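Morning, everyone. Please bring up the model on your screens, and I will walk you through it.

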Amino acid sequence: MKKTFSIFILLSAMAFAQFNVVASYPYLGKIVQAVGGDNVKVKVLASPKFDPHFIIPKPSLIPAIARADMLVANGAGLEIGWLPPLLKSANNPKVRIGTEGFVDASHAIALIDKPTAVSRAYGDVHPEGNPHFDTDPHNIIPIAKYLTQKLSRLDAAHKAAYQHNLSQFISRWHAFLNTFDRQMKACKGKQVIQYHELYNYLLKRYDIHAVATIEPLPGIAPSSKHTLALIQKMQKEKIKTILQDPYHEKKTARFIASKTGAKVVVIPHDVGSINDTETLEALYETIAKRLCH
Amino acid sequence: MTKKMIFLSLAASATLFAQSDLAQLKAQLAKQIHATQALQKRVEELEKKQIETVANTNKTTQAPSATFDQKSFLPDIALILDGSAVGRNIDNSTYETYHIPGFSEYDPNEESEIPFNRNRGFNFNYAELALHSTVGPYFDADAIFHLSPDEFEIEEAYITSRTFPYGLRAKIGKFRSEFGRINAIHQHAWKFTSKPLVYEALLGGEGINDAGVQLQWVLPTDTYMMAGLEALQGSNDVSFGDTEKNNLYIGYLKGSMDITDTTILLAGTSIAHGKNEDGHDTNLYGTDLTIKTALDSYSNLLWQSELLYRDKKTENGTEKQAGYYTQLVYQYDQNWKTGIRYDSLFKNISDQPDDLDRYTAMVEYKPFEFTKFRLQYTYDRSKAFGSNDERKNLSEILLGFTVETGAHGAHAF
């Protein structure tokens, strides 16, 4: 009994030292770390190698959530298939949905592609809008600001440090965006198809036209009928680029490419999803390089 | 906006062309381009500002609603439907007399309790209505109504605490116990259409599903460990059933770790202590092991096994019985899955057979996440029929469908 108590005290002492933040996806982890600095301890739940919709709700993720002071989610329904059962099992009232400690990053973003009619007849639609806003680096600053606001409120003692880190991050990110915008200008007006509506925020900002998707409906695997129609469309409209995410099968994209002479380009969707994308900058540099060269 | 301006300026330049000379036109055009660029810049700036405003202010724009409108408090509602077509080498009237020698008996005066897929031919098993809602700051409420063609049953109805500290959570009401690996899992989420033989033999068709209280604790360790205690009425009459007062106490410890980044191990051990219908002690022990390897986002291999052991006191001494199942399920992609399972009741009371076992194989097709078709073949050597306990091997082929529609929460690991 005494032992349990001393373990308790030890643990709570450790917990006091740093503010524990759990982030659902790696890119959110990077932003929290940038504005949180040494005052926060960040744990990322999802592996970037997997489809962000289909993360296995591993019980091993529960202890981190159970100890978290703040949980940062992408939101807009992206985690609906895996985070709620973990949250329920973690029994942590601090990060329950609806409390201050549960932070939904999508609240900082003006979501696009909000469906006018919602039905599962249209596949796995997100009623809130497209949740893949992290593919556009211009969305990083609003999220960083939002997270700083939340961190400052939950851990008021380090407010000044968080504000300081944020302003440094913003200037660093503005400089990065200047270069990025210049690189992206090269592919303005380009026509592409993508596997899933994963890159819409990025494509929209840089006037790249996303003509169609390889999956016939969101979350539905490609069908031969849809694929053949897509090939015809691409031949007619002379579309030469296929944007492929790292986690879906690439067979269909390669087949389409072989019939149309188009190029399959794997575009990373998150930090660490492919090699050499370990930082936010490296992620977007890779995106620009692959998309616009 | 910008596009319109460009068009207008082009139109304007077109009319100008007719009247003026080239030099003048060039100057005009340069001016126009300059103006358009300035406008574009302003639009970009405004857009940026707008995004920043969204980030800085919490969303306050909400559609006005009618006074006293309570629509937004409606619970999440899900509907689950399940049915099947069955081919079997035993006719329906004989099948209804089945029992497992040493574990259950055939009573001609009682109606048989076969919950699913009872008939050769077509079966509509159930429509299940599941409601979930937050009651207030302190509790969530869940209710699952199991509707079969001639029965309305409150499968589960309970409240769960939301704000307990130290990793604790309490549940009060009627609920499926988390004894073992699959007792708490609903039929629509099972990997095979039939329940493991050892569960059916020791806990019947319903499992431990009872009124009572539950307390669970997530230990403050880096490795996931969860301990649970339950106090229940004890109305499961296969192993327990003495309900003169609340008689059933259950405890379990579950732990999980990642063997590699993509290989997960989950293990548990459980004990249930209660009184059987004759008022004597019954202890039920369970141990389970699950290993899952993710091959990619949509493909994985799952191996799950569970052993149950029952120690039941009677007038004349102690009955010791045990069994296990082991199953291997391979998910090929988002649509296809296949699996095999072996069931065995290897320990029985004296003068009863201990060679009771069963083989099951299935192929599952999911055209969409919430729609499932399953073809399952079963070869069962554990059943006896009628009042003279005649053992017969049973072969069954089953094609089932299950859909989940509405607001249904994701399943845990």
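Start with a definition: two strands pair if DSSP finds at least two bridges between them. Helices (H or I, at least four residues) and strands (E, at least two) are DSSP runs, numbered from the N terminus. One caution before we go on. This is a predicted model, where local features need pLDDT of at least 70, side-chain atom pairs count only at pLDDT 80 or more, and totals for chains, interfaces and linings use all residues. Residues are numbered from 1 along each chain as its sequence is written, while chains are lettered from A and ligands numbered from 1 in the order in which they are written.

Now, strand β5 of chain A, residues 191-194. It pairs with β6(A) in the parallel sense, over four bridges. Look at A:I193: across from it in β6(A) stands A:A212.

Step back to the whole sheet. It is open, has four strands, and runs β6-β5-β7-β8 in chain A, with parallel pairing. Which strands are at the edges? They are β6 (209-213) and β8 (263-266) of chain A, and each pairs on one side only. Neighbouring strands of this sheet are turned by 35° against each other on average, direction ignored. A word on angles: axes are lines fitted to C-alpha atoms, for helices over the stretch in contact, and angles run from 0 to 180 degrees between N-to-C directions.

Chain A has another open sheet to show you. Its four strands come in the order β2-β1-β3-β4, and the pairing is parallel. The edges here are β2 (40-44) and β4 (102-104) of chain A, each pairing on one side only. From one strand to the next, the twist averages 20°. Zoom in on β3 (residues 70-73) of chain A. It pairs with β4(A) in the parallel sense over three bridges. A:V72 has A:V103 as its bridge partner in β4(A).

Next, the helices. Two packed helices are described by the angle between their axes and the distance between the axes. Take α2 (residues 26-36) and α5 (residues 140-154), both of chain A. Their axes come within 10 Å and cross at roughly 55°. So α2(A) and α5(A) are oblique to each other. The cut-offs: angles under 35 degrees count as roughly parallel, over 145 as roughly antiparallel, 65 to 115 as roughly perpendicular and the rest as oblique.

Which residues meet? On α2(A) there are A:I31, A:V32, A:A34, A:V35 and A:G36; on α5(A) they meet A:I140, A:I143, A:A144, A:L147, A:T148 and A:L151. Contact means that C-beta atoms, placed from the backbone, lie within 7 Å. By class, the contact of α2(A) with α5(A) has nine nonpolar, two polar and no charged residues. For those classes, Ala, Val, Leu, Ile, Met, Phe, Trp, Tyr, Cys and Pro count as nonpolar, Asp, Glu, Lys and Arg as charged, and the others, Gly among them, as polar.

Helix α2(A) also lies across β1 (19-23), β2 and β3 of chain A, running at about 175° to β2(A).

Back to α5(A), now with α6 (residues 159-185) of chain A. Their axes come within 9 Å and cross at roughly 175°. Therefore α5(A) and α6(A) are roughly antiparallel to each other. Among the residues in this contact are A:L151 of α5(A) and A:W173 of α6(A). By class, the contact of α5(A) with α6(A) has nine nonpolar, three polar and two charged residues.

Now the domains. Chain A is divided into domain 1 (2-177) and domain 2 (186-291), with bounds from an automatic or database domain assignment. Their centres, taken over C-alpha atoms, are separated by 27 Å. The contact takes 25 residues from domain 1 and 22 residues from domain 2 of chain A. On the domain 1 side, α2(A) gives the most, with three residues.

What about chain B? The contact between the chains takes 34 residues from chain A and 37 residues from chain B. On chain A's side, the largest share, four residues, comes from α4(A).

Last stop, chain B itself. Strands β8(B) and β9 (residues 263-275) of chain B pair in the antiparallel sense over 11 bridges. They form a hairpin with two residues between them. In β9(B), B:T263 is the bridge partner of B:T260.

Terms used
Contact = placed C-beta atoms within 7 Å.
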